[in-house]
Amino acid sequence: MKFVDEFRDADTAHALAAKIAALCEPGRQYKLMEVCGGHTHTIYKHGLEDYLPESVTLVHGPGCPVCVIPMGRVDDAMALASEPDVIMTSFGDMMRVPGSNGSFFDAKAAGTDIRMVYSPLDSLKIARNNPDKRVVFMAIGFETTAPSTAMTIMRAAQENLRNFSVFCNHVTIIPAIKAILDSPDLRLDGFIGPGHVSTVIGCRPYEFIARDYGKPVVTAGFEPLDILQSIYMLLAQLSEGRSEVENQYARVVPWDGNPTALKVIGETMQLRPYFEWRGLGFISHSALSVREKYAQFDAELLFHVPGVRVADPKACQCGEVLKGVLKPWECKVFGTACTPETPIGTCMVSPEGACAAYYNYGRMNRHRVKEAVTIQVGRP
Amino acid sequence: MTVNRPGGPTGVDEAEDTAGPAQAGWVEQALREHDEHHDHDGPHEHGKQGAVPDREQQVLDRIDRARRRRPKVREERITMSHGAGGKSTHTLIEAIFLDAFRNPLLEPLEDAASLAVGTAQVALTTDSYVVSPLFFPGGDIGELAINGTVNDLAVSGARPLYLSAGFILEEGFPVADLTRIAASMRDAAAAAGVQIVTGDTKVVQRGKADGCYINTAGVGVLDRGAALGVAYAQPGDAIIVSGPIGDHGITIMLARGELDIEADVQSDTAPLNGLIAGLLDAVPGVRAMRDATRGGVATILNEIARAADVGVLVNEDDIPVRPEVRGAAELLGIDPMYVACEGRLVAVVPGDEADQALAALQTHPLGTHASVIGHVTSDSPGLVYLKTAFGGTRIVDLLVGDPLPRIC
């Protein structure tokens, strides 16, 4: 398939892998964090770690939209959904995220009207078609999905649609990265920067990471060769003693981002003073709410939102996993009490979550599998 | 890296510092159950030459034991995941139905049961069809209802003979549509060489069904004497698919019109009995066959790995997928390996007979793109591995429910 296969070419990967290995100093360990859940998904889906030397470890960061939603917020959404005449709409990833009384899927089975949509504009369509219902869109995601929510709010305003609102849970990536950098139990050598977020915010916001923390950042695309190349670029910076922000994904990411997208976010949303992140706790100025000008579309004002905090289950170590302190399999309940079928933590829900990615794709002894694969695949 | 447990210095404990957050009761329950099991987990025999397993391997072994535990339905109500053909469906079938009906004929959970009636060996199967939309590119619910049941009989090695047809119709359903469905069933039955010999009709009030549901049951005769079943797979066996995968599932997703994607795809619904007869004539030693419906090829590979307690290794480059299907799946962020087919065979054959099997399939119009996609191994029993086109390796596990499109 054109524009896909070129970025998955095994020969190019082998060549890059050799260059990566050559850059690694003997005896030195490298820990690189891929911030974005989309990268985590690509890494596992294509088995990219097979190309890396043992001294290079990838740490899976907090950039998975559903993984950072705290349980209390899911309960709030559930409360909204059970209000009379409400149709709750949400992205597919959100459907299995457990609240303290089950997930959207469970609520749907119990009779609550919850519908999966592919775009917030689909929610708008549902609102138009059901004038006697109140349609709420559960908005989640980083700066990547915020512009489409923003556009939807503006469209609803243009149409003067009175039965549509947004339960806004959009979060911003920079405060989360900063929280990770400031966390005392962490040792990272560099960051694979989030590609999709950067199409909106650009690369400039990462400059403080290189400048103030001395860690290189390479904004990367989502095909496996993109990630491999960005690892090469990070290692090159490290071996040359540089710490800069570089853009591997220049074919999509402009250095200054997308001013139009930023403008619509600014038009419809404002920073919250603070917001709770799953496992990371409260982070100031890390999330967005609907601006007053669009208050008639703010579900938090239109409905009673309980806002009860629910503690992350003690046994669940999503926080450490999100910060890269623990690998998914190092969590006590990983794969036994917490599985994709019965997730306790959000990292086990989304295919972008570090735990789900490892459980679904990476749960294996790489050395033994490598042997088996080489022997078997060689057969006629 | 230091592992902080229990609890940890951050995240988890911080929640306690603020004023009394609520606790989720179900989590405590799940953990209690987990701990109970955990106490009984004895030391586990591991690996080769008694090597001391590393910590990651210990965790993998613990997970493997957890996965082999008796399945239990945790939900209080049926969710859509229970019907998707993945883990939730398996759990439901084993924990509720197998538990209630348990008998040696049912236990193999093959596509059809093999029964001795007088001196004859007969195969019996049933399937219900609730597809929406009822009419889609490449077929309709009627054709599906015949081919699906014919295929369930054929993959069990039987010659399909007679079908029943039960209809649940919603008040208000257009008679013209029903006529069209019946005609399509007649044609499909003729093409597959089977007769519809008994039936049933029920009408329910408007809103209690979605237009038209069909159930068909089928009997066939097992006159080849070969014992077939995924449990017979052995290391060294080859795994073959009869053609491009995922056509039906992608067609249905696009036909629902929710995605605003247009692609030139159509359902692959077809009767496989002719193709299978040719295969069995050429390679009587075939170990097992399945038609890849709900849950796709990935689910069948997992069923093979589980039932025969073997490893399965497949090569992504060898799995036939039409570019249109791959493109649509790529856009939606779903894996064609999990997407339903309605006319594709997955066969397990002895490794040294793979070439004959492939040749036999390729002479039939439904098998021209047949391909050996992988092998059965003795390593890592119970797991399916994929050698990716990119050159890496990964697991191909059962999905919990339907593949969900990703956010971004």
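This is a predicted model: local features need pLDDT of at least 70, side-chain atom pairs count only at pLDDT 80 or more; totals for chains, interfaces and linings use all residues.
Residues are numbered from 1 along each chain as its sequence is written, and chains are lettered from A and ligands numbered from 1 in the order in which they are written.

I looked up the pair: helix α7 covers residues 247-255 of chain B and helix α10 residues 323-332 of chain B, with axes that come within 10 Å and cross at roughly 55 degrees. The axes are lines fitted to C-alpha atoms, for helices over the stretch in contact, with angles from 0 to 180 degrees between N-to-C directions. Helices here are DSSP runs (H or I, at least four residues), strands likewise (E, at least two), numbered from the N terminus.

I then checked who touches whom: B:D247, B:I250 and B:L254 of α7(B) meet B:V325, B:A328 and B:A329 of α10(B), contact being C-beta atoms, placed from the backbone, within 7 Å. The residues of this contact are five nonpolar, no polar and one charged. Nonpolar takes in Ala, Val, Leu, Ile, Met, Phe, Trp, Tyr, Cys and Pro, charged takes in Asp, Glu, Lys and Arg, and the others, Gly among them, are polar.

I kept a rule in mind: most residues other than glycine have a negative phi, and most peptide bonds are trans.

I found a cis peptide bond from B:S132 to B:P133, with omega near 0 degrees. B:P133 sits in the loop between β2 (120-129) and β3 (135-136) of chain B.

I noted a positive phi, near 55 degrees, at A:N160, in the loop between α6 (146-159) and β6 (164-170) of chain A. Is A:N160 buried or exposed? A:N160 counts as exposed because it has 7 C-beta neighbours inside 10 Å (exposed is 12 or fewer other C-beta atoms within 10 Å, buried 20 or more, partly exposed in between, C-beta atoms being placed from the backbone).

**An enclosed helix in chain A**

I ended with helix α3 (residues 71-81) of chain A: 10 of its 11 residues are buried, so α3 is largely enclosed by the rest of the structure. Among the buried residues are A:M71, A:R73 and A:L80. Their cover includes α4 (104-109) and β5 (134-141) of chain A.

Notes
Two residues are in contact if their C-beta atoms, placed from the backbone, lie within 7 Å.
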